Amino acid sequence: MIMTGMVLQKQGEGAERLVFRQTGADTAGELLEVEATYPSQTTFPPIHVHPEQDEHFTIISGSLTAIIGGVERTYNAGDSFDVPRGVAHTMANRGMTAANFLWETRPALQTAEFHAAIYGLEAAGGRGNILQLAPILQQHRREFVLARPPVAVQRVLFAGLTLLGRLRPTPRAQRRGDLK
């Protein structure tokens, strides 16, 4: 369980970092507040939607480029912006310095746990492995869905990939030589 003050950080010095300032447990599920730091020159994650949540961002330092509803805009220190539920978006730091910003998600739902699962997957070397990513996306579809393909297709696809992933040996077992 993610608690106030916990930190998630991707691997590497100066890597993306999330500090949980308030969690759903602190706010009766109303709010997740995170202080995020994105290093310079990050890449855009897939365009996605939060079906049941609204987001609010306030840039503390640096800049953040967001594509919201197909419109690209760069926000600088002192700026804030909103992403309403159901609107396709993505964002990255395309600047030359780190971007530090406050990120509010309402209601909190299980967004903190979603981020913990994604960061944990990347820490374990699973970034980009769809068989490891599928169960996370399936479990957190109230918090995060890809903008494409349609949600109904994603549900079927991720359920099938989750089953397939359970049938395959884990990378750890393969490294230990337990399975041939």
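I started with ring pairs in this predicted model and counted 7 aromatic pairs, taking ring centres within 6.5 Å as the cut-off. I looked up Tyr38 and Phe101 next: their ring centres are 5.1 Å apart and the planes sit at 85°, over 60, so I logged the pair as edge-to-face. This pair links distant parts of the chain, with Tyr38 in strand E3 and Phe101 in strand E10, 63 residues apart. I found both Tyr38 and Phe101 buried.

Then I checked Phe114 and Phe144, a stacked pair with 5.0 Å centre to centre and 25° between the planes. Phe114 is in helix H1 and Phe144 in the loop between H2 and E11, so the pair ties together parts 30 residues apart in sequence. Phe114 has 7% relative accessibility, so I put it down as buried; Phe144, at 12%, is buried too.

I also noted a cluster held by ring pairs: Tyr38, Phe57, Tyr75, Phe81, Phe101 and Trp103. One charge turned up as well: the charged end of Lys10 sits over the ring of Tyr119, 5.5 Å from its centre.

On to helix H3. I picked out Gln154, Phe158, Leu161 and Thr162 as buried there. They cover an arc of only 110° around the axis, so they lie on the same side of H3. Which elements do the buried residues of H3 pack against? I got helix H2 and strand E11. The face turned away from that buried side carries exposed Ala152, Val156, Leu163 and Leu167.

Last, strand E9: His89 and Met91 point one way, Thr90 and Ala92 the other, and all are buried. E9 runs antiparallel to E6, joined by 4 bridges, and I have His89 as the bridge partner of Ile68.

Conventions:
Residues numbered from 1 in each chain as written. Predicted model: local features only at pLDDT ≥ 70, side-chain atom pairs only at ≥ 80, totals over all residues. Heavy atoms only, no water. Buried < 20%, exposed > 50% of the residue type's maximum accessible area, 1.4 Å probe, protein only. Helix = DSSP H or I, 4+ residues; strand = E, 2+ residues; numbered from the N terminus. Arc of directions from axis to C-beta. Contact = heavy atoms within 4.5 Å. Pairing = 2+ DSSP bridges. Phe/Tyr/Trp six-rings, centres within 6.5 Å; stacked < 30°, edge-to-face > 60°. Lys NZ or Arg CZ within 6 Å of the ring centre and 35° of its normal.
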